[in-house]
Amino acid sequence: MPADGNHPKRFDVVVNHKSFQTHDPLVKGRDILELAGLRPADEHMLLQRDDNGMLEEINLAKEVDLRKPPIETFYAFRGDRLYYWVLDERRYPWGAATISVADLREIAQVPADRQVWLVRKHEPDLQLGPNDTVQLDGKGVEHLYTVEAPVYVTIEFNFEPREILAGEYTTEQLKSLLGVEDSWELDIIDEHDGLRPLEPGEIVNVVCGLKLVSHVRQGGSS
C-alpha cells in the first residue's frame, strides 16, 4: 500500500558505501546484489553488518527484512573465498585479501579516540594509520587490538606553550621531560595560591592549562 496515499514507501540499503533504494520491504541476497549492479549475482558474496558491528554471510536465497531500523549495511565481493581477521577477540569474515583500516574501524565501530594495532610474531606490534591496509591472505588469521589513544595537552612552561602527554608525573619526571636541571626549582603557578615549588616526588596531574616555571634554587631567575 502506498505510504502516503500517493507514493509507495522506499527502503534504503547501503552496499559497499553506496546507497540504493527499493520499494520491496523483503529482499533476498540476490536482489541486493542486483540492486547494486553486481552481476552476475552467482559470482558474488554478500556480508551484512548487524547492530553490534559483526558480519554475517548472506546466502543469495536468504530473505532480508528492510523494515527494521537502522538502514541495512552490506559488503559485496566478487569471488567465493572468505578471509578472516580478529579484532579485540572478535572474529570477522571478509571477502577480499586486504581490508582498509577505515573499513575495519567502521565495521567494528572503533571510536576515533582508540588506536588500532596489528599483532606481529617476530617483531614489535604495528600501529596502523587511517590510510593503512591489512593483508589477510597470509598464513593464519590476522589478529588486531585497540588501545586508548594518548592525549596531548598544551601547558605553559616558563611562559611559553608546550605540548606534552597528559597524565600523572612526579616532580623528577617533569623536570626530565621539560629539560630542567636537577638543582633548579620547578614551581607550579596556581591562580589562587600563586607560585609554589614542587616537592621532590610530588605527583602532578598534567592537564591543559597547567602553568610551570623553572628557576635557580634560592630565588634566582631562570
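This briefing describes the cores, ring pairs, salt bridges and selected residue contacts of one protein structure. The model is predicted. The largest nonpolar core holds 23 residues, and Trp85, Trp94 and Leu144 touch the most other members. Three aromatic pairs and eight salt bridges are counted.

**Nonpolar cores**

- Among the 23 residues of the largest nonpolar core, those that touch the most other members are Trp85, Trp94 and Leu144.
- At least two residues of this core come from each of strand 4, strand 7, strand 8 (83–87), strand 9 (90–94), helix 2 (101–108) and strand 11 (114–118).
- Helix 2 gives the largest share of this core, with four residues.
- There is also a second, separate core of 17 residues, with Phe11, Val27, Leu46 and Ile58 among them.
- Leu144, from the largest core, is in contact with Trp85, Val86, Leu87, Asp88, Leu104, Val116, Trp117, Leu118, Leu128 and Val134, leaving out residues up to four places away in sequence.

**Aromatic rings**

- The number of aromatic pairs is three.
- One of them joins Phe77 and Trp94 in an edge-to-face arrangement, with 4.8 Å from centre to centre and 70 degrees between the planes.
- Phe77 lies in strand 7 and Trp94 in strand 9, 17 residues apart, and the pair links distant parts of the chain.
- Both Phe77 and Trp94 are buried.
- Trp85 and Tyr92 form a stacked pair, because their ring centres are 4.2 Å apart and their planes stand at 10 degrees, which is under the 30 degrees set for stacking.
- Trp85 has a relative accessible area of 0% and is therefore buried.
- Tyr92 is buried as well, because its relative accessible area is 1%.
- Tyr75, Phe77 and Trp94 are linked into a cluster by ring pairs.
- A charged side chain also meets a ring: Arg91 lies over the face of Tyr84, 3.9 Å from the ring centre.

**Surroundings of Tyr92**

- Tyr92, the stacking partner of Trp85, belongs to strand 9.
- Apart from neighbours within four places in sequence, Tyr92 touches Gly53, Met54, Leu55, Tyr83, Tyr84, Trp85, Leu87, Ile107 and Ala108.

**Salt bridges**

- Side chains of opposite charge can pair when their charged atoms come close.
- The count of salt bridges is eight.
- One of them joins Arg78 and Glu43, whose closest N and O atoms are 2.4 Å apart.
- This pair links distant parts of the chain, as Arg78 is in strand 7 (residues 72–78) and Glu43 is in the loop between helix 1 (29–35) and strand 4 (44–49), 35 residues apart.
- Arg78 counts as exposed because its relative accessibility is 54%, whereas Glu43 is partly exposed, with a relative accessible area of 38%.
- A salt bridge also joins the side chains of Glu123 and Arg120, at 3.6 Å from N to O.
- Glu123 is partly exposed, with a relative accessible area of 45%, and Arg120 is partly exposed at 27% relative accessibility.
- In the salt bridge between Arg196 and Glu202, the closest N and O atoms are 2.9 Å apart.
- Arg196 counts as partly exposed at 34% relative accessibility.
- Glu202 has a relative accessible area of 18%, and it is buried because the cut-off is under 20%.

- Thr146 is part of strand 14 (residues 142–148).
- With a relative accessibility of 10%, Thr146 counts as buried.
- The side chain of Thr146 makes a polar contact of 2.7 Å with the side chain of Asp88.
- Beyond the residues up to four places away in sequence, Thr146 is in contact with Leu87, Asp88, Val110, Arg114, Gln115 and Val116.
- Leu87, Asp88 and Val116 are also among the contacts of Leu144.

Conventions
Residues numbered from 1 in each chain as written. Predicted model: local features only at pLDDT ≥ 70, side-chain atom pairs only at ≥ 80, totals over all residues. Heavy atoms only, no water. Buried < 20%, exposed > 50% of the residue type's maximum accessible area, 1.4 Å probe, protein only. Polar contact = N/O pair within 3.5 Å; in protein donor to acceptor, adjacent residues only side chain to side chain. Contact = heavy atoms within 4.5 Å. Salt bridge = Lys/Arg side-chain N within 4 Å of Asp/Glu carboxyl O. Core = buried A, V, L, I, M, F, W, Y, C linked by side-chain atoms within 4.5 Å. Phe/Tyr/Trp six-rings, centres within 6.5 Å; stacked < 30°, edge-to-face > 60°. Lys NZ or Arg CZ within 6 Å of the ring centre and 35° of its normal.
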